[in-house]
Amino acid sequence: MNYWLMKSEPTTYSIEEMRRDRTCIWDGVRNYMARNFLQQMKVGDFCFFYHSNTKIPGIVGLVRVSEAHLVDPTQFDEKSPYYDPKATPESPRWQTVRVEFVERFPQIISLAELKNYFDPDELLLVRRGNRLSVMPIAPDIYDRILKLKLNSPANPW
DNA sequence: GCCAACGTTGGC
DNA sequence: GCCAACGTTGGC
């Protein structure tokens, strides 16, 4: 079992939409390192759902991989903002996964809180200059984040 | 809105 | 293959 964190801007796709849809294809990732992590995901892996580029950035819920090794269909769609003219159905460039909703956390675990509790060497997310939208989470760090969720005082979101 | 950090592109 | 220019991410 592996653990991950995936970022989404809530104006693009939020945890509320994820809860409504129950499942979605995690399309639109156009960074090779992030794609390589997506390729390593297995059915049943857990992913933290992170809201980025918003007033209070942070982890807002949990999803689970329900299908692995999917071809991202948006790369072939000329009308999609994620269209990639260099990708063809014969040799696609971008793979991804389908995820299913698990839970929306009662409180956000804010980036500020995560920075307080974790060192940059344990959690990629709080490493300076990090821009990865898909990243691995070590199992022990995953457990500690879940405990934070239970213990963290109510904060606004 | 600013800007640091970083990835990508393309000329050479 | 180098590297300057440019575009994007995303916190603040």
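## Strand pairing between S4 and S5

In strand S5, Phe 101 is the bridge partner of Val 63. The pairing of S4 with S5 is antiparallel and comprises 10 bridges; two strands are taken to pair if DSSP finds at least two bridges between them. Helices (H or I, at least four residues) and strands (E, at least two) are DSSP runs, numbered from the N terminus. This is a predicted model, in which local features need pLDDT of at least 70, side-chain atom pairs count only at pLDDT 80 or more, and totals for chains, interfaces and linings use all residues. Residues are numbered from 1 along each chain as its sequence is written, chains are lettered from A and ligands numbered from 1 in the order in which they are written, and side-chain values use heavy atoms, with hydrogens and water left out.

Strand S5 (residues 95–110) also pairs with S2, in the antiparallel sense and over three bridges. Within this second pairing, Thr 23 stands opposite Glu 100 of S5.

## Strand S1 and its neighbours

Which strands pair with S1? Strand S3 (residues 46–51) pairs with S1 in the parallel sense over six bridges, and strand S6 (residues 134–137) is joined to S1 by four bridges in an antiparallel arrangement. Trp 4 takes part in both pairings: its bridge partner in S3 is Cys 47, and its partner in S6 is Pro 136.

S1 is largely enclosed by the rest of the structure, because six of its six residues are buried. Buried here means under 20% relative accessible area, exposed means over 50%, and partly exposed lies in between (1.4 Å probe, protein chains only). Tyr 3, Leu 5 and Lys 7 point one way from S1, whereas Trp 4, Met 6 and Ser 8 point the other way; all are buried.

In strand S6, Val 134 counts as buried, with a relative accessibility of 0%. The C-alpha atom of Val 134 is separated by 10.0 Å from that of Phe 49, although the two residues are 85 residues apart along the chain.

## The largest pocket

The largest pocket holds about 430 Å³ of space. A pocket is defined on a 1 Å grid over the protein atoms alone, as an open set of points where a 1.4 Å probe fits, with protein on both sides within 12 Å along at least five of seven lines; lining residues have an atom within 4 Å of a point. Grid points are joined across faces, edges and corners, and the volume is the space filled by probe spheres set on the points.

Of the 16 residues lining this pocket, Lys 7, Ser 8, Thr 12, Asp 27 and Tyr 82 are the closest to its centre. Strand S1 (3–8) and strand S2 (23–25) are the elements that give two or more residues to the lining. By class, the lining has six nonpolar, six polar and four charged residues. In this classification Ala, Val, Leu, Ile, Met, Phe, Trp, Tyr, Cys and Pro count as nonpolar, Asp, Glu, Lys and Arg as charged, and the others, Gly among them, as polar.

## Surroundings of DNA strand B

Asn 31, Tyr 32, Arg 128, Gly 129 and Arg 131 surround DNA strand B; a residue is near a strand if one of its heavy atoms lies within 4 Å of it. This surface has one nonpolar, two polar and two charged residues. Sugar or phosphate accounts for 67% of the atoms of DNA strand B within 4 Å of the protein, and bases for the rest.

Two polar contacts (pairs of N or O atoms within 3.5 Å) may be described.

## Surroundings of DNA strand C

Around DNA strand C are Lys 7, Tyr 50, Ser 52, Asn 53, Pro 57, Leu 111, Lys 115 and Arg 131. By class, three are nonpolar, two polar and three charged. Of the atoms of DNA strand C within 4 Å of the protein, 78% belong to sugar or phosphate and the rest to bases.

Phosphate oxygens of DNA strand C are approached by backbone and side-chain atoms. A backbone N or O atom of Asn 53 lies 2.9 Å from one such oxygen, and a backbone N or O atom of Arg 131 lies 3.0 Å from a phosphate oxygen. For Lys 115, a polar side-chain atom lies 2.6 Å from a phosphate oxygen.

## Positive phi values

Arg 22 has a phi near 70 degrees, a positive value in a residue other than glycine. The loop between helix H1 (15–21) and S2 contains Arg 22, which is partly exposed at a relative accessible area of 47%. His 69, likewise not a glycine, has a positive phi of about 55 degrees. His 69 belongs to strand S4 (residues 58–71) and is exposed, with a relative accessible area of 56%.

Methods
Polar contact = N/O pair within 3.5 Å; in protein donor to acceptor, adjacent residues only side chain to side chain.
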